[in-house]
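Subject: Structure for your review

Dear colleague,

Please find below the structure that I am handing over to you. My findings follow it.

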Amino acid sequence: MINLVLMPFYAEVVVIIIGIVDVFVSIFLQRKIFIDEEKMYKSQIAMKKFSGEMKEMVKNNASPDELRKKQSEMMPLISSNMQFSLKSAIPSLILFLGIYYVALPYVYKAIAPAYMKATVPFLSFNLNYLTLFWATIFILGIIVAIFISIRDKKNIKKLEAKMAAEEGRIKTDISNDVKVIDTDLKKDFGEQVEIKNKKPKFNKKAKKLEKINKGS
């Protein structure tokens with residue numbers, strides 16, 4: 001029977017805290033430093049719109065040329081979404097590797113040098129400090145990812161409503177501008193007709209002058 005050395009409680013706490021810090025710093029880097037969330041949401045909204053249009057085209061038996069043309073329009077959006085994914089993944093990966101291979105071994109060795117091979121029981125597993133760090137970021141990462149997904153869906157719905165309202169306002173402004181221009185044109189056209197049909201009036205002095213000229 002193998003005698004396992006148990007990890008000290010304070011060491012467990014330190015490893016778990018480092019895992020928590022890794023998760024939340026990764027999220028901060030992804031969402032506040034390397035990614036413009038509004039642009040990401042707009043890209044996802046546009047992608048959703050194009051996907052819906054593609055489904056409608058397939059449903060309506062669109063020609064292969066039309067489908068290819070539509071797919072070519074989607075390529076910039078696909079590329080944009082891939083860039084957002086890379087921007088979020090790369091800083092998180094760099095942070096994880098730096099902690100896993102450099103910071104964590106250094107810190108753990110400093111606080112518990114006699115327990116480098118110690119483990120902590122978790123379900124049916126015995127985790128050392130590295131696998132405990134793994135487990136922490138994995139479990140917490142899943143929980144946080146669920147909350148972020150819910151938050152993103154709410155923010156996307158709000159942005160869709162805002163964009164729809166803005167589009168409606170722009171259409172209303174354009175419609176009002178057209179009505180004003182149409183009214184002004186009709187008014188100007190009516191004044192021109194009135195001036196054309198209106199007989200010129202001469203004052204009395206002009207008439208007298210005209211008679212004098214005829215008499216002379």
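The protein chain of this predicted model has an average pLDDT of 81, and 79% of the residues score at least 70; pLDDT is the predictor's confidence in each residue, from 0 to 100. Helices are DSSP runs of H or I with at least four residues, numbered from the N terminus.

Residues are numbered from 1 along each chain as its sequence is written, and side-chain values use heavy atoms, with hydrogens and water left out. Local features need a pLDDT of at least 70 and side-chain atom pairs count only at pLDDT 80 or more, whereas totals for chains, interfaces and linings use all residues.

Helix H1 comprises 25 residues (9–33) and reaches 35 Å from its first C-alpha to its last, close to the expected 36 Å. The expected span is 1.5 Å times one less than the number of residues. Its buried residues include Val15, Ile18, Asp22 and Arg31; buried means under 20% relative accessible area, exposed over 50% and partly exposed in between, with a 1.4 Å probe and protein chains only.

Helix H2 (residues 37–59) has 23 residues, which should span 33 Å at 1.5 Å a residue; the end C-alpha atoms are 33 Å apart, in agreement. At the start of H2, a side-chain oxygen of aspartate 36 comes to within 3.2 Å of the backbone nitrogen of glutamate 38. Among the buried residues of H2 are Met40, Tyr41, Phe50 and Met54. Asparagine 61, which follows H2, has a positive phi, near 60°.

Seven aromatic pairs were counted. Rings of Phe, Tyr and Trp (its six-membered ring) pair if their centres lie within 6.5 Å; planes under 30 degrees apart count as stacked, over 60 as edge-to-face and the rest as tilted. Phenylalanine 96 and phenylalanine 133 are stacked, at 5.8 Å centre to centre with 15° between the planes. This pair links helix H3 (residues 64–111), which holds phenylalanine 96, to helix H4 (residues 129–197), which holds phenylalanine 133, 37 residues apart.

Tyrosine 100 and tryptophan 134 form an edge-to-face pair, at 6.4 Å and 75°. Tyrosine 100 is in H3 and tryptophan 134 in H4, so the pair ties together parts 34 residues apart in sequence. Tyrosine 100 is buried, with a relative accessible area of 15%, while tryptophan 134 is partly exposed, at 44%. Phe96, Tyr100, Tyr101, Phe133 and Trp134 form one aromatic cluster.

Yours sincerely

Definitions and conventions
Helix = DSSP H or I, 4+ residues; strand = E, 2+ residues; numbered from the N terminus. Polar contact = N/O pair within 3.5 Å; in protein donor to acceptor, adjacent residues only side chain to side chain.
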